[in-house]
Amino acid sequence: MPMYYFHLRNQDTIQDVDGTELPDTDAARAHADVVARELKFKADTFLDEAWSCWSMHVHDDEGQELFSFRMSDVESGNGK
Amino acid sequence: MANASMSSHQDNRLLAALPRQMLEVMGRDLKEISFVQGRGIYEPGEPIDEIYFPQSGMISLLVVAKDGGAVETATIGREGAVGLHSVWGKRFSFTRATTQIGGKFSVIRSAAFAQFADDYTPVRDLIARYTEVLWAEAQQIAACNAVHDTPARLCRWLLQCADRIGSTNLPLTQDLIAQMLGVRRTTVTLEAQSLQHKGLIKYARGHINILDREQLERCACECYAIMQQEKLPLKIGVRF
């Protein structure tokens, strides 16, 4: 199975150094959504910056960006 | 030789709290054993035949879900023990228990420890008191999982691990931490990277080093301070 990397970006990039093995890009989308919700759970900020400053960028193991989304577009499930 | 081994049993705080003569009487039944990380101790539903007192390693209790996933409900280091309730009669493990950090453990057969509990009030008291502490901790962890964000819980958990094994150098895999916190591994990686970005930890695959303990305490939820080993028993009126 291919590896996928889920980086968080504002001015800095917080690297997903470990990556995750997943069957395909659809699975990577679903994974990205769950991770984004977990990160936002009860949290207003990441590294002291509002979620509206952050986006998630998903790369394959050759470093190609497959898709990205703004973290503020993800529902956190706790109204934040 | 006997003295050296007695002192290693005393690395466990519960055993250290027993009168020394009692520990000497127990000596012949108390064994020292080394386990690597990931060693299974109990499975849900299995009879508990032995009681484990960590000297340097750490044991986690995990509730196993139907889909095979597991979530940590308690973590036990040198301040505690697992399987103590098996002295009251034949007991079956409710949770999975595994060594999350390898190390040395004092082990005694439940039947032998039950005899000591029958014979000596201090042993019975110790079991009852520790059960109260563990119960309080379980309640705090339940609340923590429901209301606190992942970075605060991660900081809390790293500090607790450091206290339990007596080192700021933590041999913890991303997988293990994910299981402990009930989140995906990717979430752990990103949260750990953000703590590293702030200079609080050094994160590498399979290893976390605490660099700035004071800051890490500030980033942890209040649960860390509440559950601190030397504070929680006193808070609920328990003295060992």
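Helix H7 of chain B (residues 174-181) is largely enclosed by the rest of the structure, because six of its eight residues are buried, where buried means that 20 or more other C-beta atoms, placed from the backbone, lie within 10 Å of the residue's own, while 12 or fewer make a residue exposed and counts in between make it partly exposed. The buried residues of H7(B) are B:Gln174, B:Leu176, B:Ile177, B:Gln179, B:Met180 and B:Leu181, and they pack against strand E4 (58-64), strand E5 (70-76), strand E6 (96-101), helix H6 (150-165) and helix H8 of chain B. Contact here means that the C-beta atoms of two residues, placed from the backbone, lie within 7 Å, and the helices (H or I, at least four residues) and strands (E, at least two) are DSSP runs numbered from the N terminus. After H7(B) comes B:Gly182, with a positive phi near 70°.

The structure is a predicted model, in which local features need pLDDT of at least 70 and side-chain atom pairs count only at pLDDT 80 or more, whereas totals for chains, interfaces and linings use all residues. Residues are numbered from 1 along each chain as its sequence is written, and chains are lettered from A and ligands numbered from 1 in the order in which they are written.

**Sheets of chain B**

Three strands of chain B form an open sheet in the order E8-E10-E9, with antiparallel pairing, and two strands are taken to pair if DSSP finds at least two bridges between them. Strand E8 (169-170) and strand E9 (201-204) of chain B stand at the edges with a single partner strand each, so one side of each is left without a neighbour in the sheet. H8(B) packs on this sheet, touching E9 and E10 of chain B, and its direction makes about 140° with that of E9(B); axes are lines fitted to C-alpha atoms, for helices over the stretch in contact, and angles run from 0 to 180 degrees between N-to-C directions.

Within E10(B), B:Ile208 is the bridge partner of B:Leu170, B:Asn209 is that of B:Asn169, and B:Ile210 has B:Ile201 opposite. The hairpin of E9(B) and E10(B) has two residues between the strands, and B:Gly206 in that hairpin takes a positive phi near 80°.

A further open sheet of three strands in chain B has the order E1-E7-E3 and antiparallel pairing. Its edges are strand E1 (31-35) and strand E3 (50-54) of chain B, each with a single partner strand, so one side of each is left without a neighbour in the sheet. The twist in this sheet averages 35° from one strand to the next. Helix H4 (residues 110-119) of chain B packs on the sheet, touching E3 and E7 of chain B, and its direction makes about 70° with that of E7(B).

E4(B) and E5(B) form a hairpin with five residues between them, and B:Gly68 in the turn has a positive phi of about 95°.

| Strand pair | Bridges | Residue pair |
|---|---|---|
| E8(B) and E10(B) | two bridges | B:Asn169 and B:Asn209 |
| E3(B) and E7(B) | five bridges | B:Glu50 and B:Arg109 |
| E4(B) and E5(B) | six bridges | B:Val63 and B:Val71 |
| E9(B) and E10(B) | four bridges | B:Ile201 and B:Ile210 |

**Between the chains**

In total, 18 residues of chain A are in contact with 17 residues of chain B. On the side of chain A that touches chain B, strand E1 (3-9) and H1 of chain A each supply at least two residues, and the largest share, five residues, comes from H1(A). The residues of this side divide into 11 nonpolar, three polar and four charged, where Ala, Val, Leu, Ile, Met, Phe, Trp, Tyr, Cys and Pro count as nonpolar, Asp, Glu, Lys and Arg as charged, and the others, Gly among them, as polar.

Two packed helices are described by the angle between their axes and the distance between the axes. The axes of H1(A) (residues 25-40) and H8(B) (residues 185-197) come within 9 Å and cross at roughly 50°. The two helices are therefore oblique to each other, since angles under 35 degrees count as roughly parallel, over 145 as roughly antiparallel, 65 to 115 as roughly perpendicular and the rest as oblique. The contact is made by A:His31, A:Val35, A:Glu38 and A:Leu39 of H1(A) and by B:Thr186, B:Thr187 and B:Leu190 of H8(B), and these residues divide into three nonpolar, three polar and one charged.
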